[in-house]
Amino acid sequence: MREVAFIKQNKEKWLEFEQAIFGKAKKNPDDLAHLYIHLVNDLSYAQTYYPKSKTVIYLNHLAAQTYQKIYKTKRTETNRLVYFFKTEVPLLVYEYRRYILYAFILFGLLTAIGVVSAHNDENFVRLILGDQYVNMTLENIEDGNPVAVYKSGSNWGSFIGITLNNLRVGALSYFFGIFLGIGTFYVLMQNSIMLGSFQYFFYQRGVFWESVRGIWIHGSMEIFAIIIEAGAGFILGASILFPRTFSRMNSFKIGFKNSFKIFLSTMPFTFAAGFLEGYITRYSMEMPTFLSIGIILVTLSLISFYYLVYPFIVHNKIKNNVSTI
């Protein structure tokens, strides 16, 4: 892009920055931080393509002033970790929301493939889960507890082992995005088809409801987190495939920085899912139905709100504040 076109395209946005920094109207430091992200991206682009231009000097000065404004006026009680989860991640999720949507659509389609495959081929579940696991589950069903597998091992040992495995799966799903998103798709496909065939396996044997009461106590957060991690992996892959106006390297740097933050945000949910699976799921058949369903609804609502609703709330708040400048 020619420098004149670059300036014309972003001039109004930069003027907004000047109003926020040098104008009389006071602006929330969190909102300034969001604007600062876009300003730094423009500065990186200008430094790459117009290194000796006055545009770089101007943007560098504006970025420095913005940075000082943020940390000079930022509330002392606002913890960096709180800001990360309360503002930064939701804004990134909103910005890259289409990749999260792609991950959900692919998850739904691939899970359906698992269901259809298990329906048409009785041996498909054994192919996916292995004979030993299927035979053990069949024995548990006969004994009246389809999800007895979650009772194996100690609470603490199960929590640690399960959490580490879920962290490994999430990391693979995200970092494999560097292979243009293909690696992320492969990991998502494995987990989605496994889930679909596994749930249909219980349906075939008439214990679907019992399996739902057990599996989804921890599965609501666990599976949801995997989908978000897949979305982050697709963001990483897209940053390489579609650099837009940036150089491919700069696009990758921006994509990695932003997607990695989204990936990190899933960690608390992954730990929570591991805790539930290690300490709570094993008692799903003994606890009252309303309690197991309540846990499922609360956990699903919590993570759904954070990734599907809250980003729009934060974005609209920022938008409204900007419009008042």
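Reply: One definition first: Ala, Val, Leu, Ile, Met, Phe, Trp, Tyr, Cys and Pro count as nonpolar, Asp, Glu, Lys and Arg as charged, and the others, Gly among them, as polar. Please also keep in mind that this is a predicted model.

Me: How many residues of the lining of the largest pocket are nonpolar, polar and charged?

Reply: The largest pocket, with a volume of about 860 Å³, is lined by 30 residues, and Asn165, Asn166, Asn191, Met194 and Glu222 lie nearest its centre. Sorted by class, that lining has 18 nonpolar, 9 polar and 3 charged residues.

Me: Which helices each supply at least two residues of that lining?

Reply: Asn191, one of the residues nearest the centre of the pocket, is also among the H9 residues that meet H10. The helices that each supply at least two lining residues are H8 (155–175), H9 (182–204) and H10 (208–241).

Me: Are H9 and H10 roughly parallel or antiparallel to each other?

Reply: The axes of H9 and H10 come within 11 Å and cross at roughly 170°. Angles over 145 degrees count as roughly antiparallel, and therefore H9 and H10 are roughly antiparallel.

Me: Where H8 meets H11, how many residues of the contact are nonpolar, polar and charged?

Reply: The axes of H8 and H11 (residues 248–265) cross at roughly 160°, which makes the two helices roughly antiparallel, and their crossing is right-handed. Gly170, Ala171, Tyr174 and Phe175 in H8 meet Phe256, Ser259, Phe260 and Phe263 in H11. By class, this contact of H8 with H11 comprises 6 nonpolar, 2 polar and no charged residues.

Note on methods:
Residues are numbered from 1 along each chain as its sequence is written. This is a predicted model: local features need pLDDT of at least 70, side-chain atom pairs count only at pLDDT 80 or more; totals for chains, interfaces and linings use all residues. Side-chain values use heavy atoms; hydrogens and water are left out. On a 1 Å grid over the protein atoms alone, a cavity is a set of points where a 1.4 Å probe fits but cannot get out, and a pocket is an open set with protein on both sides within 12 Å along at least five of seven lines; lining residues have an atom within 4 Å of a point. Grid points are joined across faces, edges and corners, and a volume is the space filled by probe spheres set on the points. Helices (H or I, at least four residues) and strands (E, at least two) are DSSP runs, numbered from the N terminus. Axes are lines fitted to C-alpha atoms, for helices over the stretch in contact, and angles run from 0 to 180 degrees between N-to-C directions. Angles under 35 degrees count as roughly parallel, over 145 as roughly antiparallel, 65 to 115 as roughly perpendicular and the rest as oblique. Contact means heavy atoms within 4.5 Å. A crossing is left-handed if the near helix is turned anticlockwise from the far one by less than a right angle, and right-handed if clockwise.
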